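Welcome, and thanks for taking a look.

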Amino acid sequence: MGEISHRNTKPLQVNPFKLSQPMGATLAFLGVDRCMPLMHGAMGCTSFTKVYTTRHFCEPIAIQTTAVTDITAILDGGDTSIVESVKNITAKVSPSLIGLHSTGLTETKGDDLRAVAAQVDFPLVYVNTPDYEGGLESGWALATRALIEQLVEPTEAIDDDKVVLLPHVSLTPIEVEKIKEFIAAFGYDVLALPDLSTSLDGHLGEKQAALSSGGIGVEQIRTLGDAGLVVSVGDSMRACAEALQKKNPFMRHRHFSHLSGLEGTDALAAWLLAETGRECPPEAIVRWRRRLQDAMLDGHFSLGQTRVLALGEPDHLTGLCHSLLEAGAKVTVAISTVASPQLERIQGRRVLVGDLEDAENLCDEYDLIVGNGHCEALAHRLHKALVLRGFPNWEEVGNPLKQDVLYEGGAYFLCECANTAEKLRGHG
Amino acid sequence: MATKPKIKELLEESACSHHKTKKTSCNAPTPGATTGGCAFEGAQISLFPYADAAHLVHGPITCLAASWETRATKTSHTGRDFTQMGFTTDIANTDVVFGGEQKLLNAIDYILQHYSPEAIFVYATCVTALIGDDIDAVCRQAAEKYGLPVVPVHAPGFVGSKNLGSRLGGEAALMHLIGTLEPEFTTPFDINLIGEYNVTGDMWQYSHLLDELGIRILSTLSGDGRVRAIRSAHRARLNVIVCAKSLISLTRKMEEKYGIPHISLSFYGKRDTSAGLLAIAEALGDADLIERTKRLIVREEAALEEKLAPYRALFRGKKAVLNTGGNKTWSIAAALQDLGIEVVATAVKKATEADREKAREVLGEKGVLMMNPGAEQARIIEERGAHLLLAGGRSLYTAIKKGIAFADVNQEKKKSYGGYNGLLNLAEDLKNALENPVFKNVAKRAPWEK
């Protein structure tokens with residue numbers, strides 16, 4: 001275990017890569033079919049989020065704002081802006097759901113979302129997501145929990161073939177799809193909540209999306225209660241699984257901190273074998289495990305002499321580090337956006353909560369950077385190798401198609417890291 | 001020290017052309033039916049290009065985390081480029097409850113100790129404005145302690161639109177910077193460039209021409225800007241507003257306070273660039289300068305025509321629909337016409353009344369001014385037989401559906417389309433769009449689709 005400092009002692013953030021709770025909640029609502037995320041705050045929060053996600057996913061993003069002004073900030077308890085927003089949204093489009101989430105502004109003025117939501121005669125899920133608390137990951141988790149608590153119907157019936165997957169915010173659309181397929185290969189029907197794998201996976205839609213185009217259906221969410229199993233991935237999603245279990249006392253739960261690398265994927269495979277009583281997984285999975293083993297061996301020559309800086313949301317960071325450490329890379333610095341018990345699991349030399357200034361100050365300690373798009377300038381300035389991962393990434397296209405999890409993604413990820421490190425060494 | 005700017009005054013700008021017909025320029029946004037940025041964003045846009053000043057955002061993480069490193073405001077500053085850095089107090093729950101002034105003060109200390117900027121801009125945001133942090137007092141205290149400008153920027157998001165925010169940014173510069181330093185020397189041809197943010201290096205497409213004519217850019221607000229320069233802006237002979245109308249209040253006030261006249265122009269396209277250069281020379285009122293400018297325009301236009309010749313044949317008879325906002329509704333339209341492309345429609349939904357008038361002038365009577373481009377553009381493409389759609393990324397689907405070429409002209413563009421040389425960049429991008437088979441190939445049906 002390395003040296004862990006969870007507290008950022010600086011009075012400010014310099015070059016932050018942390019993102020906000022409302023943005024995380026927006027993303028979660030975009031994983032629901034025909035949903036309109038409605039951010040309760042001033043226009044800017046929504047506009048920033050829209051531009052950010054549009055550029056990352058290279059897709060049109062549906063989102064609306066309650067457009068709080070200086071006057072409504074003082075005089076309105078949220079009632080007028082929210083009720084008016086719903087009226088204006090539904091006059092133009094017919095969403096299956098409105099995902100109402102707050103911001104720092106509306107939390108500070110103390111709007112009671114629950115009370116206002118009760119006045120709205122339209123399918124709506126509300127969630128409190130002040131941006132002076134938590135970050136992207138917790139915003140996504142809070143919205144998911146709200147979807148469960150406010151939509152899923154309680155039941156005592158159980159469908160043993162049905163699995164609910166609760167992915168953390170940093171799993172890309174294709175990663176969610178691959179995890180769904182992995183579990184489905186054992187004979188289950190898998191539903192993900194939220195499900196970006198069918199909404200923001202980079203498919204060419206029929207028209208400019210006025211609402212989210214794809215994702216889990218609202219009716220499917222309502223009936224999630226009869227699933228025999230719930231699988232949560234990432235510690236931020238644990239509370240969501242517990243909320244779902246409250247809807248049905250007979251539902252069983254299996255939690256994974258991450259599904260990255262050999263050990264992480266083995267845990268999922270072993271559990272699925274035990275559940276199904278099968279001796280061996282489907283052949284494709286067996287072959288991908290061998291390919292990952294081979295990639296670990298092929299990559300270890302390079303990775304073994306590579307010192308890595310990894311940055312990310314806690315759940316994502318834990319998986320990335322685990323995968324790299326397993327293949328012999330030296331994770332000398334791991335920086336998380338916010339504190340999380342997950343960080344205790346990272347076997348890096350130095351694990352901290354911080355910003356890119358911290359990364360810059362520690363620049364003598366690493367050769368390869370694994371982090372989001374803001375790391376491009378950092379890597380360029382410091383002449384480091386770079387593998388772009390996480391949100392946002394405006395430097396590259398194809399973000400929804402990047403996969404690092406399970407045996408398959410792990411193999412691709414290690415090869416990319418080894419090749420990138422080698423290229424810099426070769427030309428450095 | 002100056003007090004907070006009066007927002008009501010800024011909303012009723014007497015120098016705006018719509019002032020006679022409409023009481024306010026920035027109507028309140030409609031909840032649930034609004035897109036566009038907030039005042040904070042506008043203030044940042046107007047001041048961010050000062051690369052030697054640190055920009056400290058006093059608020060929760062949203063405001064800065066989603067706004068730093070988003071704009072390609074190029075700078076020639078040789079030190080650390082603060083336009084590509086983000087500083088925020090990232091206030092937490094406890095700050096909301098107990099106030100964030102001490103944290104702000106500590107953050108300013110930290111920046112000055114670690115980065116030694118020429119100045120610090122401190123931006124209020126919705127939350128810190130609502131909890132009542134006195135950023136004026138904190139800035140005053142820090143300015144006295146360190147002996148350099150620490151400028152409070154009062155543009156929390158909820159006060160209004162991006163446009164208003166830019167004005168508030170301009171007000172901050174006017175109250176705290178302009179007139180606080182004397183230039184080392186002056187010339188009869190000193191000008192300030194106002195509202196040019198040097199996105200993708202637009203300013204550098206024409207600044208060398210001004211230089212050649214002996215016109216000195218004394219200061220800018222704020223493209224490739226320097227804090228020392230803007231502090232001495234009050235000694236300029238002329239204020240030149242480039243494209244953006246948002247800083248017209250600032251130039252009016254500078255006229256009243258320092259007697260500096262202003263003109264407004266655009267450097268997009270051949271005709272506008274030439275007209276702009278001449279307008280500056282004429283406003284400076286020197287016969288010899290005007291003569292030299294005319295000669296330079298003849299030379300530059302001839303050189304441009306030669307380089308454009310290969311594109312002319314390709315663009316002959318081509319029609320375009322333009323869906324963008326603000327001054328781009330007409331400035332890019334004029335640039336397209338310079339390339340020999342007919343502009344059949346332009347969107348005026350997000351334009352001011354002055355911009356709409358100008359768009360009508362540029363497009364002529366036959367041109368369509370789209371008030372609801374999202375719904376109208378597909379029909380117009382069909383009716384007029386357009387070959388090209390220039391818009392933001394969201395309109396890509398319309399282009400694919402109609403099987404015509406598409407060019408992205410939104411703020412994230414990587415190349416400059418400004419000045420004479422920028423027109424060549426635009427021509428090259430449009431050529432690539434028109435010749436790219438992807439629009440036709442992507443529209444092909446799958447074997448299983450009928």
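## Cavities

A cavity is defined on a 1 Å grid over the protein atoms alone, as a set of points where a 1.4 Å probe fits but cannot get out. Grid points are joined across faces, edges and corners, and a volume is the space filled by probe spheres set on the points. Rolling a probe the size of a water molecule over the atoms shows where empty space is left. With that in hand, a search of the whole structure turns up eight cavities of 30 Å³ or more.

The largest cavity has a volume of about 300 Å³. Its lining counts 25 residues (those with an atom within 4 Å of a point), and His56(A), Ser170(A), His316(A), Gly390(A) and Phe391(A) lie nearest the centre. Helix H2 (43-57), helix H8 (173-184) and strand S11 (307-312) of chain A are the elements that give two or more residues to this lining. Helices (H or I, at least four residues) and strands (E, at least two) are DSSP runs, numbered from the N terminus.

## About the model

This is a predicted model, in which local features need pLDDT of at least 70 and side-chain atom pairs count only at pLDDT 80 or more, while totals for chains, interfaces and linings use all residues. Residues are numbered from 1 along each chain as its sequence is written, chains are lettered from A and ligands numbered from 1 in the order in which they are written, and side-chain values use heavy atoms, with hydrogens and water left out.

## Salt bridges in chain A

A salt bridge here is a side-chain nitrogen of Lys or Arg within 4 Å of a carboxyl oxygen of Asp or Glu. Over all chains, the structure holds 39 of them. One of these joins the side chains of Glu357(A) and Lys10(A), at 2.5 Å from N to O. This pair links distant parts of the chain, 347 residues apart: Glu357(A) sits in helix H14 (residues 356-361) of chain A, and Lys10(A) in the loop between strand S1 (3-5) and strand S2 (13-14) of chain A.

How accessible are the two partners? Buried means under 20% relative accessible area, exposed over 50%, and partly exposed in between (1.4 Å probe, protein chains only). Glu357(A) counts as buried because its relative accessibility is 3%, and Lys10(A) counts as buried at 15%.

## Salt bridges in chain B

In chain B, the side chains of Lys145(B) and Asp109(B) meet in a salt bridge of 3.2 Å, N to O. Lys145(B) lies in helix H7 (residues 135-146) of chain B and Asp109(B) in helix H5 (residues 101-115) of chain B, so the pair ties together parts that are 36 residues apart in sequence. Lys145(B) is exposed, at 55% relative accessibility, whereas Asp109(B) is buried, at 14%.

Arg299(B) forms a salt bridge with Glu300(B), and their closest N and O atoms are 2.9 Å apart. Arg299(B) counts as partly exposed at 40% relative accessibility, while Glu300(B) is buried, with a relative accessible area of 17%.

## Backbone details

Which peptide bonds are worth a look in chain A? The bond from Leu193(A) to Pro194(A) is cis, with omega near -10 degrees, and Pro194(A) is in the loop between strand S8 (189-192) and helix H9 (218-222) of chain A. The bond from Phe391(A) to Pro392(A) is also cis, with omega near 0 degrees; Pro392(A) is placed in the loop between strand S15 (385-388) and helix H16 (406-427) of chain A.

Turning to chain B, Asn198(B) has a positive phi, near 55 degrees, in a residue other than glycine. Asn198(B) lies in the loop between strand S5 (190-194) and helix H9 (207-213) of chain B and is buried, with a relative accessible area of 0%. Asp224(B), likewise not a glycine, has a positive phi of about 45 degrees. Its place is the loop between strand S6 (216-221) and helix H10 (227-231) of chain B, and Asp224(B) counts as buried at 12% relative accessibility.

## A buried threonine

Thr398(B) is found in helix H17 (residues 396-402) of chain B and is buried, with a relative accessible area of 14%. Leaving aside neighbours within four places in sequence, Thr398(B) is in contact (heavy atoms within 4.5 Å) with Gln377(B), Ala378(B), Ile381(B) and Leu389(B).

Technical notes. On a 1 Å grid over the protein atoms alone, a cavity is a set of points where a 1.4 Å probe fits but cannot get out, and a pocket is an open set with protein on both sides within 12 Å along at least five of seven lines; lining residues have an atom within 4 Å of a point.
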